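Please look at the fold below and follow its sheets strand by strand.

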Amino acid sequence: MPTPAEDRRFMAAAIALSLRGRGLSTPNPNVGCLIVRHGHAVGRGWTQSGGRPHAEAQALQQASDRAHGATAYVTLEPCFHLSPRGPRCVDLLIRSGVARVVVAARDPDPRTDGQSIALLQARDITVETGVMATEARDAMAGFFLRQTTARPHVTLKLALSLDGRIALPDGSSRWITGPAARAHTHMERARHDAILVGAGTVRADTPRLDVRLPGLEARSPRPIMLGSGAPPDGWTAIRDPQDIADLPNVDHLMVEGGAATAAAFLRADLVDRLLLYRAPILIGEGRAAIGDIGLERLDAAHGRWRLTDSRMLGPDRLEVYARLRNA
């Protein structure tokens, strides 16, 4: 029987696998699965593009007969509901002969929500739940937010100077940050279903908003324009930040600017995650990173954000913040 530390180590590997499907698996959650036998991984899987095959199906196919008596580590409770697109993952696990299933997070979808766990236990398969649940939910943040609030998870990205500027007074902004920070931004883009900028940014900069990292070009997110006017070919236009709830197959949305667009999403309290890339430069008079967000009292600004990551990217510093919300 694996120790709790080993369970966490294998689940961490399953969570890392799940991130490979983020931005591709919608409308299905980006699940990761690891099949472990005698301390060795014999099957790996993550939800594939468009949602099929599921992570469990992929991992069990790779493991084949070696799944018998093994432990399956799954970042989300296996699906219970029937679908014309493929078999239920709970049935696949039962037929494979796994002896134990470790589930990070219970599925909030009412079509599953504990039913797979109960069926596995009824078939005398040991089930452990809650192992690295917070980390698994973070990796599938868009799926969980869509289930609970019917909107995508929103990441706001800002590249700014030490004094909070995103451009010179004339709008020149290439480049605030260096190559390492820009490459990290493109990696973040690859993990999102869609990317949004304001109509003013579209008209002024004609941005591509694609992923320009070797091997990841096909993972470019769908471009969205906020504001009035006709969007470029291949783009989707919305008039209000609240309209993101109606975007089909978008669970993870990245907002890249400009200042008015950033302020609009913050004012509507729709930002769940902040990516701040700070360059070691001073601009002085220039364009502010964010416009008016409707803050009336300074004390209301406190207690809203929690630092979750901080690292150097070349000469620039990345800071990642999560929005603190009441449960």
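An open sheet is formed by 8 strands in the order E10-E9-E8-E11-E6-E12-E15-E14, with mixed pairing. Strands (E, at least two residues) and helices (H or I, at least four) are DSSP runs numbered from the N terminus, and two strands pair if DSSP finds at least two bridges between them. Strand E10 (236–238) and strand E14 (305–313) each have a single partner strand and stand at the edges, so one side of each is left without a neighbour in the sheet. On average, neighbouring strands of this sheet are turned by 25 degrees against each other, direction ignored. Axes here are lines fitted to C-alpha atoms, for helices over the stretch in contact, and angles run from 0 to 180 degrees between N-to-C directions.

The model is predicted: local features need pLDDT of at least 70, side-chain atom pairs count only at pLDDT 80 or more, and totals for chains, interfaces and linings use all residues. Residues are numbered from 1 along each chain as its sequence is written, and side-chain values use heavy atoms, with hydrogens and water left out.

Within this sheet, strand E8 (residues 194–198) and strand E11 (residues 252–257) run parallel and are joined by 4 bridges. Leucine 196 has valine 255 in E11 as its bridge partner. Helix H7 (residues 179–190) lies across strand E6 (153–160), E8, E11, strand E12 (273–278), E14 and strand E15 (316–323), and runs at about 160 degrees to E12. Contact means heavy atoms within 4.5 Å.

A further open sheet has 5 strands in the order E2-E1-E3-E4-E5, and its pairing is also mixed. Its edges are strand E2 (40–46) and strand E5 (126–129); each has a single partner strand, so one side of each is left without a neighbour in the sheet. Neighbouring strands are turned here by 15 degrees against each other on average, direction ignored. Helix H1 (residues 4–18) packs on the sheet and touches E1, E2, strand E3 (71–76) and strand E4 (100–105), its direction making about 140 degrees with that of E1.

Which strands pair with E1? Strand E1 (residues 32–37) pairs with E2 in the antiparallel sense over 6 bridges, and with E3, also antiparallel, over 4 bridges. Cysteine 33 has glycine 45 as its bridge partner in E2. Valine 36 stands opposite alanine 41 in E2 and opposite threonine 71 in E3. E1 and E2 form a hairpin with 2 residues between them, and histidine 38 in the turn has a positive phi of about 55 degrees.
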